[in-house]
Amino acid sequence: MTEAEAVLVRHSVRNYLDKPIDAEKVRALCDLIEEINAEGNLHLQFIADAGKTFNRLLNRAMGLGSAPSVIACVGKDDETLDERVGYYGEKLVLAAQCMGLNTCWAGTFNRENIGADVKPGERLVIAIAIGYGKEQGKPRRSRTAEQVSSSAITPVPAWFENGVKFALLAPTAVNQQKFEITLDADGKASICDKGGILSRIDLGIVRYHYELGTKQ
């Protein structure tokens, strides 16, 4: 499965099998995390035993308490951290999908129990539940391309349309899709965050999807 194919089939999964991730896949994930951390100036960490990370009532109600493992999204705390976490975290999420794993971005979790290594000057931003899902999740209702994008060029270039299509498939907090993608008369595209819960993380996720879509 390619990254582009993963975008089309990947959905958030909140109920997991009681099964540890295969050692070969763990090694592949850790290798990719090492590359991502170097490229994105991050400190993402794969934690094999999620333990009590998702023991809060809301997590249990959602089913996340069954997630066997977790990725702690940590990095140097500056104004770009949330967006970088979204961008590179989604790269990892799509890679996991290609490996036959399932994931869920989790803004609510037990920060004291996750067991992440947070060094001075760093911040734990969000967690990603990961494992083998009991099912593959379901698509959610989406806004339309017209609602989230505009182009000063007509006809609209195919690469831009593809980018918007992929951006609309990006997971966002509570499915809010609060972003706008514009293409100016010079052919330069920009993506802006329109606010909302965890919207800077969402912006990074959307940007990764958009850039992937423009290459198709």
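This briefing describes aromatic contacts, a strand hairpin, and the cavity and pockets of one structure. The model is predicted, and local features need a pLDDT of at least 70, side-chain atom pairs count only at pLDDT 80 or more, and totals for chains, interfaces and linings use all residues. Residues are numbered from 1 along each chain as its sequence is written, and side-chain values use heavy atoms, with hydrogens and water left out.

**Aromatic rings**

- Rings of Phe, Tyr and Trp (its six-membered ring) pair if their centres lie within 6.5 Å, with planes under 30 degrees apart counted as stacked, over 60 as edge-to-face and the rest as tilted; by this rule there are four aromatic pairs.
- The pair of Tyr87 and Tyr88 is edge-to-face, because the ring centres are 5.0 Å apart and the planes stand at 70 degrees.
- Tyr87 counts as buried at 18% relative accessibility, and Tyr88 is buried with a relative accessible area of 11%, where buried means under 20% relative accessible area, exposed over 50% and partly exposed in between (1.4 Å probe, protein chains only).
- Phe160 and Tyr210 also form an edge-to-face pair, since their ring centres are 6.3 Å apart and their planes are at 70 degrees.
- This pair links distant parts of the chain, with Phe160 in helix 6 (residues 158-168) and Tyr210 in helix 7 (residues 199-214), 50 residues apart; helices (H or I, at least four residues) and strands (E, at least two) are DSSP runs, numbered from the N terminus.
- Both Phe160 and Tyr210 are buried.
- Tyr87, Tyr88 and Tyr208 are linked into a cluster by ring pairs.
- Lys19 lies over the face of Tyr132, 4.4 Å from the ring centre, a charge being over a ring if NZ of Lys or CZ of Arg is within 6 Å of the ring centre and within 35 degrees of the ring normal.

- Strand 6 (residues 179-183) pairs with strand 7 (residues 189-193) in the antiparallel sense over five bridges, and two strands pair if DSSP finds at least two bridges between them.
- Thr182 has Ser190, in strand 7, as its bridge partner.
- Five residues lie between the two strands of this hairpin, in which Gly187 takes a positive phi near 85 degrees.

**Cavity and pockets**

- On a 1 Å grid over the protein atoms alone, a cavity is a set of points where a 1.4 Å probe fits but cannot get out, a pocket is an open set with protein on both sides within 12 Å along at least five of seven lines, and lining residues have an atom within 4 Å of a point.
- The whole structure has one cavity of 30 Å³ or more, and the largest cavity holds about 40 Å³ of space, a volume being the space filled by probe spheres set on grid points joined across faces, edges and corners.
- Residues that line the largest cavity include Phe179, Asp193 and Ser199, and helix 7 supplies the largest share of this lining, four residues.
- The largest pocket holds about 800 Å³ of space and is lined by 39 residues, of which Ser12, Arg14, Arg140, Pro171 and Thr172 lie nearest its centre.
- Helix 7 gives the most to the lining of the largest pocket, with four residues.
- The second largest pocket holds about 170 Å³ of space, and Phe160 is among the residues that line this pocket.
- Helix 6 gives the most to the lining of the second largest pocket, with five residues.
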